[in-house]
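Good morning, colleagues. Please take a moment to look over the sequence and the structure before I turn to the ligand site and the backbone.

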Amino acid sequence: MNLNQPITYIKGVSVARAELLYSELGIRTCNDFLHLFPNRYIDKTQFYTINQLQQNSSEVQIVGKITGIKTVQQKRGSRLVATFADATGTMELVWFKGVKWIKDSLKVNTPYVIYGKLNWFKGTANMPHPEMELVSEYKSKIQMAMQPVYPSTEKLSNKSVSNKVMRTMIQNLLQQSFDSIEETFTTDFRTENQLLHKKESILNIHFPKSQELLAKAQYRLKFEELFYIQLQLLVKKLINKSRIKGYVFENVGEQFNTFYNNHLPFDLTNAQKRVLKEIRKDTGTGAQMNRLLQGDVGSGKTIVGLLVMLLAIDNGYQATIMAPTEILANQHYNGIKELLANTTINVELLTGSTKTKKRREIHEGLENGSLHILIGTHAILEDKVQFKKLGLAIIDEQHRFGVAQRSKLWKKSEIEGVPPHVLVMTATPIPRTLAMSVYGDLDVSVIDELPPGRKAVKTVHRYDSHRLGVFRFLKDEIEKGRQVYVVYPLIQESQAMDYKDLMDGYESIVREFPSPKYQISIVHGQMKPADKDYEMERFLRKETQIMVATTVIEVGVNVPNASVMVIESSERFGLSQLHQLRGRVGRGAEQSYCILLTGVKLSSDAKTRIKTMVETSDGFKIAEVDLKLRGPGNIMGTQQSGVLNLKIADVVKDSPILYNARQCAIKILNDDPGLKKEENALMLKRLTSLQRTSGIWSNIS
Ligand code: ADP
Ligand code: MG
């Protein structure tokens, strides 16, 4: 049987039912159906006696007899109640539907096996709508030890596609197709990695013969799923390296050297030097660089980016850096402009607020090559922006940029099909397991060291009722010449409410910190970019001591004199946001503080978040906790990657399997990069068929 045939080929599946299964569960082919894995299993290997039942035992199987039946009238219709007893006690069976028919079919004082969910009422157990079978019949049948429970939807159950129906369809399918299920690993590979045969795995995932076989089947299928994702990513990386040509930055020239020797305001950390070396190596090979630079907030990614831009310029290319917000683009522009003040390099800023005349000048400068560095927001992506020779594109805080946007950058100045080198910088630490599955095809550099002299930010949790004490502390800090952020949450769904919260907060702070002694800036999402910049500027120039803001200041903003970050309603923030916000302080030499204000009632997740923030400042640890709390689907960038549409594996829970699978894939590719050897033929075949259907294969960057 060809498993790519539609499921109407299965006995008992009509066209109407096939359409329903497609619209509800996305099942089109027989193969899709074989890979619809049960959510859980009903374990019918165990029997309970009535005195063993617990409030928390959910689904149970019991042998006993019905000792009495009564019909109870209720508001709408009637309810049927049967007393059910075994040697240890009694309980009730209850029916709300089909009362009449069921009443006639029940046999009193005859042994039954019943199965179902328990409810408790005043200390007595009852089972609504139990599955029942006479013990005499039960004994005559071969019993399936464990029964699969399939994913379902309301529509499916309404159209009477019950779990039993699903089970029957899959049973039929297995009978028709068992011999057509193809193995994707050789026997040697399976033996070496202790993997069950594919056929056995599929059979046991649907109808497990025992707990042990179920576990083996699950392991095999998870391993297979993760292995082929890793193989795809690793092959893609190999292909990128060998096929996608890149410019060669041969010279470390005058611009780089002059800057490095005369204008660099500090010594680079060892981590920065190491990353620079990694990038130099990439840009010297003749293949395009696709590198992800991870570094915790404040680790000094910008200067690394700048040095690589100088390298590009030394070799006759232009460079660009793209930031997610105007504030950030501005800040990069001002910072870089200042650093390059004594050089001959031309730098311009392009954002949504750039005036038409300026814009035209910029376009011209880019096209004739007189403009070396362009800094901006996504305005850079507009088609009109074309470079003479773009050699390097840096994307700061990449998680705000979609895949499509990144690929746009590629086309900015392809000279004979050669794309610019791409460096993606992010302060959002990506847990290792996730990085492996999402960015397995990118090279990753990590700055794992903060510049010297930084003191860890002291983080505390305070309840709202302590606000006055917090204000006193802020006054002390301001007295010492420090500056303070007060941040309010911003949640897209109710902008109006957030705005009100912010304004109420702003007013109470104005009351507490009166002018002229105190000056206060405010920045929020509904302001014009120019007004935001004006307020940011005032804060940066120390004209204001307090910055009241929504999370617009979250990413990248750098005001070293600011030493206190107060986060209002911090229980409403996600962990990565809290970490980003805290990263706005602790950038100067002074001791800095982060104060997390919350209400008294906290959900258990919120408690974990706050506790994590108080206990650690390690971005990677925080990211791991975040991943556990939120699951991979909600972490940056993963939705669009498609990599995480996993059918059975879970990148968090199954990370040991993921490591194994990745190691296996690396070993095979090291030995046989083109999968040309006879023993790898099966893998090549599987890979080729995946590449035809899978989204990851298209260019990620
Ligand atoms: P991020 O990695 O969060 O983007 P930045 O690049 O904004 O961090 O750097 C944070 C601050 O640290 C800046 O003020 C920068 O000038 C400073 N800095 C960067 N590298 C060093 C270093 N090696 N020594 C001292 N200060 C540094
Ligand atoms: Mg930065």
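Predicted model: local features only at pLDDT ≥ 70, side-chain atom pairs only at ≥ 80, totals over all residues.

**Ligand 1 and its surroundings**

An oxygen atom of ligand 1 lies 3.4 Å from an N or O atom in the side chain of R587. I count this as a polar contact, that is, a pair of N or O atoms within 3.5 Å. The protein covers 82% of the 570 Å² of accessible area that ligand 1 has on its own, with areas from the Shrake-Rupley method and a 1.4 Å probe.

Residues are numbered from 1 along each chain as its sequence is written, chains are lettered from A and ligands numbered from 1 in the order in which they are written, and side-chain values use heavy atoms, with hydrogens and water left out.

Two further contacts deserve mention. A nitrogen atom of ligand 1 is 2.9 Å from an N or O atom in the side chain of Q272, and an oxygen atom of the ligand is 3.1 Å from a polar backbone atom of G300.

How many residues surround ligand 1? There are 16, and the closest are D267, G298, K301, T302 and R454; a residue is included if one of its heavy atoms lies within 4 Å of the ligand. By class, this shell comprises four nonpolar, seven polar and five charged residues, with Gly counted as polar.

I turn now to charge pairing. Side chains of opposite charge can pair when their charged atoms come close. The structure holds 27 salt bridges, each a side-chain nitrogen of Lys or Arg within 4 Å of a carboxyl oxygen of Asp or Glu. In one of them, E278 meets R274 at 4.0 Å, N to O. Both residues belong to helix α11 (residues 270–282), where they are four residues apart, about one turn of the helix.

Finally, the backbone. The peptide bond from S515 to P516 is cis, with omega near 5°. P516 is placed in the loop between α18 (495–512) and β19 (520–523); helices (H or I, at least four residues) and strands (E, at least two) are DSSP runs, numbered from the N terminus.

How values were computed:
Polar contact = N/O pair within 3.5 Å; in protein donor to acceptor, adjacent residues only side chain to side chain.
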